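The exercises below go with the sequence and the 3D structure. Try each task before reading its solution.

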Amino acid sequence: MATINAIGTTNPIGVVNGGTAASSFSTSNGIVKYTGSALASSSTFTCDANNYVTNSSQPLVFAYLSTSISNATGDGTNAVIICNSTSVNQSSSYNTSTGVFTAPKAGRYLLQGSIGLGPLGMTHTSGILNIQFTSLSYQTNALNYFSIRDGNSNVVMCFNAQENMNASDQLIIGQQVQGSSKTVAILGGSTAVTYFAIYLLSA
């Protein structure tokens, strides 16, 4: 970025009190932004020659369960879904050890995902999905999982939600299956069956 003076020559605008001039900072296709007191270059927010805009700091997670968790529920236990792998974890917002997503910035977030369950016995007729945000919890009505199982006595439940989150608010997903013994697994594998994606829609 530069200004044009009265005699037609350009003067680069300095970035952040004598830093690299905006006309020559090193990030390819980088953006110059105003911080409220000075201009600064952004290394994560870029706009390329085709005007495609990307931001590698934008909160975005795709987490999945790579290995099934045996005997997780079936007796009414609320099994916390801990997806142990991520293919995307921008801003390091998701903890693969605890299953907790922590919002790095206040805004409205979109959550989408699915949970695989099985095998289901004849008396595993009731199940509830729990989506717990810091400020609000969503809970599905009890569903007869046995009646909608596939030929392998498994079922995959899909879900989505939107919620306003403050910075440091958390999200935890749990799954209950009721009616019998604790023999129902949370299904995982190389093909993502149990997974969720969450990203910031707007501030």
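**Exercise 1.** Does N154 count as buried or exposed, and at what relative accessibility?

*Solution.* The model is a predicted one. Start with the place in the chain: N154 belongs to the loop between β14 (137-139) and β15 (155-165). Next, take the relative accessibility of N154, which is 17%. Buried means under 20%, so N154 counts as buried. Finally, list the contacts. Leaving aside residues up to four places away in sequence, N154 touches L117, G118, P119, R149 and L187. One of these, R149, returns in the next exercise.

**Exercise 2.** Over which ring does the charged end of R149 sit?

*Solution.* The ring belongs to F146, and its centre is 3.7 Å from the charged end of R149.

**Exercise 3.** How many aromatic pairs does the structure hold, and why is the pair of F62 and Y195 stacked?

*Solution.* The number of aromatic pairs is 5. For F62 and Y195, the ring centres are 5.4 Å apart and the planes stand at 25 degrees. Planes under 30 degrees apart count as stacked, so this pair is stacked. Now place the two residues: F62 is in strand β6 (residues 60-64) and Y195 in strand β18 (residues 195-202), so the pair ties together parts 133 residues apart in sequence. Then check accessibility. F62 is partly exposed at 26% relative accessible area, and Y195 counts as partly exposed at 25%. Ring pairs also join F62, Y64 and Y195 into a cluster.

**Exercise 4.** Why is the pair of Y94 and F196 edge-to-face?

*Solution.* The ring centres of Y94 and F196 are 5.2 Å apart, with the planes at 80 degrees, so the pair is edge-to-face. The pair links distant parts of the chain, since Y94 lies in strand β10 (residues 94-95) and F196 in strand β18, 102 residues apart. Both Y94 and F196 are buried.

**Exercise 5.** In which sense does strand β13 pair with β16, and over how many bridges?

*Solution.* Begin with strand β13 (residues 126-133): β13 and β16 pair in the antiparallel sense over 8 bridges. Within this pairing, I131 stands opposite I173 in β16. Continue with strand β8 (residues 78-80), which pairs with strand β16 (residues 170-178) in the antiparallel sense over 3 bridges. Here A79 has Q175 of β16 as its bridge partner. Last, strand β11 (residues 100-102) is joined to β16 by 2 bridges, and these strands run antiparallel. The bridge partner of F101 in β16 is L171.

Methods. Residues are numbered from 1 along each chain as its sequence is written. This is a predicted model: local features need pLDDT of at least 70, side-chain atom pairs count only at pLDDT 80 or more; totals for chains, interfaces and linings use all residues. Side-chain values use heavy atoms; hydrogens and water are left out. Rings of Phe, Tyr and Trp (its six-membered ring) pair if their centres lie within 6.5 Å; planes under 30 degrees apart count as stacked, over 60 as edge-to-face and the rest as tilted. Helices (H or I, at least four residues) and strands (E, at least two) are DSSP runs, numbered from the N terminus. Buried means under 20% relative accessible area, exposed over 50%, partly exposed in between (1.4 Å probe, protein chains only). A charge sits over a ring if NZ of Lys or CZ of Arg is within 6 Å of the ring centre and within 35 degrees of the ring normal. Contact means heavy atoms within 4.5 Å. Two strands pair if DSSP finds at least two bridges between them.
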